[in-house]
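Here are my notes on this one, point by point. Have the model open while you read.

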Amino acid sequence: MNYSVLGTAAVAMLASTFSTLLGEGLSWLFVYRSDSYQRGQALVERLKAKVEKAKREPGNSKKRIETMEAELDTATREQQMGKFKSTFFVGFIMIIFITT
């Protein structure tokens with residue numbers, strides 16, 4: 001059994017685990033904890049509830065429901081951009097850490 005190969009593999013595993021935890025921690029600190037992300041998340045949840053309620057009630061017009069769904073899509077897209085920034089940030093941290 002070649003112990004240097006196991007040692008190298010262990011170091012690689014520890015380095016990748018550390019870089020992932022560092023990236024996710026920084027992402028949580030700078031993206032998910034931010035006020036804008038929290039407000040956006042609350043807006044998406046509120047709009048989802050409004051759309052579901054409007055679909056259940058028989059008196060709502062189709063155009064009104066479509067308008068509410070478009071508003072929900074826009075808010076969801078903005079949330080996805082925030083998540084994309086987080087993913088990009090984690091990837092950037094991992095690339096920097098692994099190449100050094």
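1. Is leucine 72 buried or exposed? Leucine 72 counts as buried, because its relative accessibility is 13% and buried means under 20% relative accessible area, with exposed over 50% and partly exposed in between (1.4 Å probe, protein chains only). Bear in mind that this is a predicted model, where local features need pLDDT of at least 70, side-chain atom pairs count only at pLDDT 80 or more, and totals for chains, interfaces and linings use all residues. Residues are numbered from 1 along each chain as its sequence is written, and side-chain values use heavy atoms, with hydrogens and water left out.

2. On the overall fold, the chain has 3 helices and 0 strands, in the order α-α-α along the sequence. Helices (H or I, at least four residues) and strands (E, at least two) are DSSP runs, numbered from the N terminus.

3. Look at the proportions next. The C-alpha trace spans about 75 × 30 × 15 Å along its principal axes. The radius of gyration is 22 Å, whereas a compact globule of 100 residues would come out near 13 Å; that radius is taken over C-alpha atoms, and the globule rule is 2.2 Å times the number of residues to the power 0.38. Buried residues make up 20% of the 100 residues.

4. Back to leucine 72, which sits in helix H3. Leaving out residues up to four places away in sequence, leucine 72 touches Val44, Leu47, Lys48 and Val51, where contact means heavy atoms within 4.5 Å. With the same exclusion, valine 51 touches Met68, Glu69 and Leu72.

5. The largest nonpolar core has 8 residues: Val44, Leu47, Val51, Ala54, Ile65, Met68, Leu72 and Ala75. Helices H2 (35–56) and H3 are the elements that give two or more residues to this core. A nonpolar core here is a set of buried Ala, Val, Leu, Ile, Met, Phe, Trp, Tyr and Cys residues joined through side-chain atoms within 4.5 Å.

6. Now for phenylalanine 84, also placed in helix H3 (residues 62–99). Why does phenylalanine 84 count as exposed? Because its relative accessible area is 51%. In soluble globular proteins, nonpolar side chains tend to be buried together.

7. Finally, the chain exposes about 7700 Å², with carbon and sulfur atoms supplying 65% of it; accessible areas come from the Shrake-Rupley method with a 1.4 Å probe, and for residues only the protein chains shown count as cover.
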